[in-house]
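Here are a few notes to go with your first look at this one. Have the model open while you read.

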2 protein chains.
Amino acid sequence: MIALDEPLDHRDRWAPITAGEVPLDRVPDRGWHALSDLMLPVVLLRETALRHNLDLMARFCSQHGVSLAPHGKTTMSPQLIARQLEAGAWGVTAASPAQARIFRAFGVRTIVIANQVVDPLGLAWMAAELERSPGVRLCCLVDSERAVALMDEALAGRGPLPVLVEMGLAGGRTGCRSLEAGHRVAAAVRRSRALRLAGVECFEGVVSEPGEQVDGVLRAVRSLAESLGREGAFDQVDEVLVTAGGSAFFDRVVEHLAGGWDLGRPVRVVLRSGCYLTHDHGAYERLSPFGGRLPDWEPLQQALEAWGLVHSRPEPGLAIVGFGKRDVSYDMGLPRPLRVRHADGRQRAATGMEVFRLNDQHAYVRLAPGDDLAVGDRLGCGLAHPCTVFDKWRSMPVVDDGYRVLDAVRTYF
Amino acid sequence: MIALDEPLDHRDRWAPITAGEVPLDRVPDRGWHALSDLMLPVVLLRETALRHNLDLMARFCSQHGVSLAPHGKTTMSPQLIARQLEAGAWGVTAASPAQARIFRAFGVRTIVIANQVVDPLGLAWMAAELERSPGVRLCCLVDSERAVALMDEALAGRGPLPVLVEMGLAGGRTGCRSLEAGHRVAAAVRRSRALRLAGVECFEGVVSEPGEQVDGVLRAVRSLAESLGREGAFDQVDEVLVTAGGSAFFDRVVEHLAGGWDLGRPVRVVLRSGCYLTHDHGAYERLSPFGGRLPDWEPLQQALEAWGLVHSRPEPGLAIVGFGKRDVSYDMGLPRPLRVRHADGRQRAATGMEVFRLNDQHAYVRLAPGDDLAVGDRLGCGLAHPCTVFDKWRSMPVVDDGYRVLDAVRTYF
């Protein structure tokens, strides 16, 4: 087994390209313009939108008496995660022990691994981290008696590791499909030496519309938590965690889970949205509660933009632009043309344009008849699904509304 | 404008996760087993397949008298690119000046930027690199008179920069759509002060089957090169570059372009395949000439495998495995289950299994009735489209046929 302090990843000592690099903390001094001083393509983050979204989500959580553990997998960026914590987030969500390990290296002290963990190396790391770091909180999910047995075996008397029973929805992803199954798993956890029952969880965001599937799994979470509470199943913990919520249906989570608890001890309801920070021009724009199902709240603002140069106008009505699948998300929608900056500096809306195909390094853009988009012009696009944008970049500039570079953030995938 | 020696990317000085890391050159000493000593998920490279593929492609190029400039965008890995050069590659292909800059940092001396370059910063970097590094060869493509004008303006008397006229196919990507257009662009290049006409190029791999579109654009490349040669258009260069060839149709490239030239000076025919190195379980498996349209040549071998743990068996016939869109390619086919390693170490073929959906961090696997795949088992999958696998990992282990870790390679996206 590897020593867990020695990850294979992150930074090796083969270092041929350090000469002349710019330290992150000197980026703000440069006065760069993102569209003329950086090699294109670039994906940038708009500071105004980030600040708006941080504030909006913090106010929403505060008003509803719920905690936020934003999903750190979205950005994997210590600088952005630090801003989420500064804005009042209670902790950070991770998808795996590997991600949690990176967050611990960033100094995060409360981490919900919103996933099953049956990897012996991951479990050993979690146990070791809890032993060596007083005040650090880590927990993960469990949805089967077999997982409980494997975890018990891997932990070999270490722990106890706090776990949440995961409820799921039929046709969905992980999670118990019935309250009976949830109770069986909870009972197995209570019998295990290595685990401690700390709460109940679901991820309702595996479906694409709000409705009975979402409401049903949230009711199941509440029902299981209440029933386990009556049995005294949470007697070993100071507070019970009840957590759900991607970025699409957190209004439903609050409706079902915020408040009204009587488990004989405090209940902390935790939302885990990740994509609220940057929002998107795609599914989250369509599904976000803010400004839609919650009309009293302003909408989120889109923070992500990809910019590339027009490389070619090879046929009438077709432009080939210099970004592609290596640069932008494409799994939940293609980039949406927003703005043109002509080679002479003139700007206009990208009216009538559509990205209809991506290659690795190229976008195919359909133009309205007579459009004067020319080789050498710059095209800015909105992006869908932030998670699959961040994982393509090791650093991204943060810009003001005039595209001045204010800062750059690093990612650690 | 930024000083081009000071990239924003690669390595900053914010460094909280260096403690305990393993230097790359000590990885071989560890004796790790990739499926039990590394946190999962992992995507690994099989050394036997890499070696086979390197050797096969080198023999093919040698036998046909063509040069190889493998597309470095596929892996962006200095260690793998070094092995391609050691196996006889003439140069390396890049998709952009940003990639070329990274390859130069690795020490690559001959780089074909197989793309239009109209970015003033990219052009300035190319000119500066040619000025300061005698013996370094860089070139890029051009497909419009407007691009020639923009390049001339951006280079402002520097250069001359060698360029290849790009031919394209109707309904395809970049490239001149007719010989007349190609001649017009070549004439503009010859009039420009900053550019030097060095050859002709196409990328025939934008279609999904061999056939008349592929053959047509290759005939156009040959025809344009011969006609320009007769005009004396290459009189300023010592050798003419004629280059084409992704990983799917290089047999057609060789058929049309290898040999038979009479341009009054040497002609170097350059293939640019990138995916041959790892091959795939997808489109390249179906389209690769080796073993198929070239039955006298052995097939390439698949080098890439993703391994993850079974996290959940939430419903009959369904397993949820711990890798997803953050870990594997999904743009040209989903992962293909190959092998199971049960928690007790027993191995078997992944018969009857199908990955039918990916979330960011999860794979949904359909199982045959009665399959005993259990939580805690490991599932290994083949992957389609190598380019969108490498860009998800900063390091990848290289393993022998028994999954012992021989080495780890870094990527620099």
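1. A quick term before we start: two strands count as paired if DSSP finds at least two bridges between them. Keep in mind that this is a predicted model.

2. With that term in hand, go to strand 14 (residues 354-358) and strand 15 (residues 363-366) of chain B, which run antiparallel and are joined by four bridges. Strand 14 and strand 15 of chain B make a hairpin, with four residues between them. If you want a spot to check by eye, Glu354(B) sits opposite Arg366(B) in strand 15 of chain B.

3. Now for helix 3 (residues 97-106) of chain B, which is mostly covered, with eight of its 10 residues buried. Among the buried ones are Ile102(B), Phe103(B) and Phe106(B), but also Arg101(B) and Arg104(B). What does the covering? It includes helix 2 (78-86), strand 3 (92-94), strand 4 (110-116) and helix 4 (120-132) of chain B. Just after helix 3 of chain B, have a look at Gly107(B), which takes a positive phi of about 100 degrees.

4. Last stop: Arg272(B), in the loop between strand 9 (267-271) and helix 9 (283-287) of chain B. Is Arg272(B) buried or exposed? Buried means under 20% relative accessible area, and Arg272(B) has 4% relative accessibility, so it counts as buried.

5. Who surrounds Arg272(B)? Leaving aside neighbours within four places in sequence, its contacts include His71(B), Thr93(B), Glu201(B), Phe203(B) and Thr243(B). Cys202(B) is another contact, and its backbone oxygen lies 3.3 Å from a polar atom of the Arg272(B) side chain.

Notes:
Residues numbered from 1 in each chain as written. Chains lettered and ligands numbered in written order. Predicted model: local features only at pLDDT ≥ 70, side-chain atom pairs only at ≥ 80, totals over all residues. Heavy atoms only, no water. Helix = DSSP H or I, 4+ residues; strand = E, 2+ residues; numbered from the N terminus. Buried < 20%, exposed > 50% of the residue type's maximum accessible area, 1.4 Å probe, protein only. Polar contact = N/O pair within 3.5 Å; in protein donor to acceptor, adjacent residues only side chain to side chain. Contact = heavy atoms within 4.5 Å.
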